[in-house]
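The points are numbered and may be read separately.

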Amino acid sequence: MSAKPEWAEKDYYAELGVSSSASQDEIKKSYRKLARENHPDANPDNPEAVERFKRVAEAYDVLSDPDERKEYDQFRAMARSGGFGRMGGAGFRGGFRTSSGSAASDFSDFSDFFGRSSGGSSQGGGFGDIFGGVFNRGGSAGHSARPSRGADVETEITLDFREAARGTTIPLQLTGDAPCTTCHGSGSKSGKTATCGTCNGSGYTSENRGAFGFSAPCKDCDGTGSRITDPCGECSGTGTVHRTRQITVRIPAGVIDGQKVRLAGQGEAGPNGTPAGDLFVAVKVKPDPVFEREGDDLHITVPVSFAELTLGDTITVPTLDAPVRVKIPAGTPDGRTLRVRGRGIAKRGGKSGDLMVSVQVTVPQHLDAAASSALRSYAQAEKDSGFNPRSGWAGQP
């Protein structure tokens, strides 16, 4: 971040009522106090308090960020030392003068000077260029350096629930920039480059504007410091060609719906042999008719009979792999959840979540005469034993 125009005319420490050596805790404490006192909700008919609230918030926004506070302090120190005036060999007061003393332009304050310099023209100059060097953020020369890597690529796949849970390997077809096979991505027929004569291999050129000097990426080599003298005819010297390629993607076990899997270096190829970008695979997971997932645990609901719950039994339930047998204790209530350890989603480190088995009574819709007679006999015996399923419910005896 380069210096901001408003910094020249604002004292953020004074706005918060703290010294320039105040700690971050002191700054936060003062901001909270002033924000409460001047908050618009507490001062609905006081425009001055509202304005004060805005100034306090702006000051805290700068001073609460260590990096931005450091730049702000550097800016203030330079302003106090008169560094702006001495740069030009003449005082800076109401206007800017070159080292020869002639008026270059008249500005009412620093804000005007910032504003006039923000156009980005290579003929402009101003604090945008000056502070690029002061704060090590780079000058404005109307030209960007060549990308240092290829573009990232994102694609989407859809997996079955069990594929996502167990992990899988899938082939993908990608269309985009890939290394040129003729020059092996170098962009040069011979595979060699020459030192750029304009910047002597540094990648930057220096330029003076009046009393000020700054650096910018070399326009002839895009800031790389080297040039291709024998460009490859297949890729026209770029080192990349547009084509379709197929790769195999390994999806790790336990991936969740909406998760993105990053494959480093599998994106588009970078120009002239620079590293490739990354591939991001967004995963959509289909719901499963049997399993539901909660973290690393799996949940299933298993139909059971009244007799199995009352008398107890051992039943077979599915897992992501082979079925397992689960014991139902006698007297298990409907809806109870039984835990089968280690049969859920595999975790890192070799462990797995659990399988949670909920039992749900299924009522028979049709019984033959023998079954109906036996059930009536049981119902009578149940009453004779004194069992009342509604005892204590809703005030019943």
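1. Accessible areas here come from the Shrake-Rupley method with a 1.4 Å probe, and for residues only the protein chains shown count as cover. On that basis the chain exposes about 23800 Å², and carbon and sulfur atoms supply 48% of this area.

2. Basis of the values. The model is predicted: local features need pLDDT of at least 70, side-chain atom pairs count only at pLDDT 80 or more, and totals for chains, interfaces and linings use all residues. Residues are numbered from 1 along each chain as its sequence is written, and side-chain values use heavy atoms, with hydrogens and water left out.

3. Overall composition. Ten helices and 17 strands are assigned in the chain; these are DSSP runs numbered from the N terminus, with helices being H or I of at least four residues and strands being E of at least two. Of the 397 residues, 33% are buried, where buried means under 20% relative accessible area, exposed means over 50%, and partly exposed lies in between (1.4 Å probe, protein chains only). Taking contact as heavy atoms within 4.5 Å, 61% of the contacts between residues at least 6 apart in sequence join residues at least 24 apart.

4. The four-stranded sheet. An open sheet has the strand order β12-β13-β17-β16, with mixed pairing; two strands pair if DSSP finds at least two bridges between them. Strands β12 (292-294) and β16 (337-340) stand at the edges with a single partner strand each, so one side of each is left without a neighbour in the sheet. From one strand to the next, the twist averages 30°. For such angles, axes are lines fitted to C-alpha atoms, for helices over the stretch in contact, and the angles run from 0 to 180 degrees between N-to-C directions.

5. A parallel pair within the sheet. Strand β13 (residues 297-304) and strand β17 (residues 355-361) run parallel and are joined by seven bridges. Thr 301 has Ser 358 in β17 as its bridge partner.

6. How many disulfides does a search of the whole structure find? The count is zero, with a disulfide defined as a pair of cysteine sulfur atoms within 2.5 Å. Cys 196 is in no disulfide, and the nearest cysteine sulfur, that of Cys 199, is 3.8 Å away. For Cys 218, the closest cysteine sulfur is in Cys 221 at 3.7 Å, which is too far for a bond.

7. First annotated cysteine group. UniProt, in an unreviewed entry, places a "binding site" feature at Cys 180, Cys 183, Cys 232 and Cys 235. UniProt positions are given in the numbering used here, feature names are shortened, and annotations may be inferred rather than shown by experiment. These four residues are spread over 56 residues of sequence, yet they cluster in space, with a largest C-alpha distance of 9.1 Å.

8. Surroundings of Cys 180 and Cys 235. Cys 180 lies in the loop between β4 (168-179) and β5 (194-195) and is buried at 2% relative accessible area. Leaving aside residues up to four places away in sequence, the contacts of Cys 180 include Gly 185, Cys 232, Glu 234 and Cys 235. Cys 235 is placed in the loop between β8 (226-227) and β9 (240-251) and is also buried, at 5%. With the same exclusion of residues up to four places away, Cys 235 touches Cys 180, Cys 183, Gly 187, Thr 240 and Val 241.

9. Cys 218 is in the loop between β7 (212-217) and β8, and Cys 221 lies in the loop between β7 and β8. Are these cysteines buried or exposed? The relative accessible area is 1% for Cys 196, which counts as buried; Cys 218 is buried at 0%, and Cys 221 is buried at 1%.

10. Thr 238. This residue is found in the loop between β8 and β9 and is partly exposed, at 35% relative accessible area. Thr 238 and Cys 183 are 55 residues apart in sequence and 9.8 Å apart in space, C-alpha to C-alpha. Not counting residues up to four places away in sequence, Thr 238 touches Gly 187, Pro 271 and Asn 272.
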